[in-house]
Amino acid sequence: MTPEEKYMHRAVELARLGAGRVSPNPMVGAVIVHHDKIIGEGFHQEYGKAHAEVNAVNSVFAAFADAEARLKESVIYVTLEPCSHYGKTPPCAHLIIRHGIPKVVIGSPDPFDQVNGKGIQQLRNAGITVEENVLRKECDFLNRRFFTRLKKQRPYIILKWAETADHFFAPNNGSQQWISSAAARILTHRWRAEEDAILVGKNTALIDNPQLNVREWRGRNPKRIVIDRHLALPPGLHLFDQSQQTIIFNSVKTETHNAVKYLELEDFDRYLPQMIAYQLYIMDIQSIIVEGGAKTLDLFIKANLWDEARIFTGPQYWGEGIPAPQITGNVKDDLRVGPDRLRTVFREY
């Protein structure tokens, strides 16, 4: 690993600390190096607040009386191209120029129209050396949600389910029966805290009466999304408890009751997953976990509208039941979580 890769790897580690708190912004990490020694670090911690570069520069001023002189002899490593426009915060490219940092090393270019090469050009116009595409693959993967939303005008879609060792998803009789272990459920709650929303169909909402929150992990609750065409779900379900934002896609009405919003879709028979994805996109929802049931998962699979699947396989053999969904793709991980096997599959584009 080269020194550039080593410091960028650290910037990626920092960026990940913003998971679940910065959407719809990207996750960004920054490391400032002075004569081969890290003197400052920062990451984007919360949407609307200071960017990674600002936090990294501030950390140098907090630690060194001669911070201004050190910055003029330093290199800043940033996972994403510094912004060049005024949004909720001032441009980070201007910050780097103002402090005279002579070199910037960047992981990914920013495809956002108001940046997209402009940050790099501003830096070069100011006489700053810019090195691009260091650990590009890792940096792109870090912000796959952000890039998907910008490039495809839809959220990043994660499918998640549990199946038995003989590939059954649920019992035939409509009852609730756990497949995954306690360890898998804790990990699932962590995932929920990292994504913007979680979606289930009417049958799952009715049979499981899920809360769809992060009670077994520390973090924010995702928005709850439910498909209920005829508004048949009873009001006593956890989904209607007003504890978190909930969106009900239906064919009856559009109205809001405090934290619960009903959104009418004109056509449930054609392009339903595409319409849901677009509605979520215009609501600034950058990522979503589809947790079921089997029909809802198949809806997105058949539409080829997914990016990643996380599949728990338990040790049980049922012999019968509702078959688990079937997908093909690139298996990135295959690990053990307690007694369960977890496979992570990425769609082939």
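The unreviewed UniProt entry lists Glu53 under "active site"; UniProt positions are given in the numbering used here, with feature names shortened, and annotations may be inferred rather than shown by experiment. The structure is a predicted model, in which local features need pLDDT of at least 70 and side-chain atom pairs count only at pLDDT 80 or more, while totals for chains, interfaces and linings use all residues. Residues are numbered from 1 along each chain as its sequence is written, and side-chain values use heavy atoms, with hydrogens and water left out.

Glu53 is found in helix H2 (residues 52-63); helices (H or I, at least four residues) and strands (E, at least two) are DSSP runs numbered from the N terminus. Glu53 counts as buried because its relative accessibility is 3% (buried, under 20% relative accessible area; exposed, over 50%; partly exposed, in between; 1.4 Å probe, protein chains only). Leaving aside neighbours within four places in sequence, the residues in contact with Glu53 include Ile76, Val78, Leu80 and Cys92 (contact, heavy atoms within 4.5 Å).

Cys92 is likewise buried, at 1% relative accessibility. Zero disulfides were found in a search of the whole structure (disulfide, a pair of cysteine sulfur atoms within 2.5 Å). For Cys92, the nearest cysteine sulfur is that of Cys83, 3.8 Å away. The sulfur of Cys139 lies 16 Å from its closest cysteine sulfur, in Cys92, and is therefore too far for a bond. Cys139 is buried at 1% relative accessibility.

Asp340 is placed in strand E17 (residues 340-346). Its contacts, leaving aside neighbours within four places in sequence, include Ile179, Ser180, Phe312 and Leu335.
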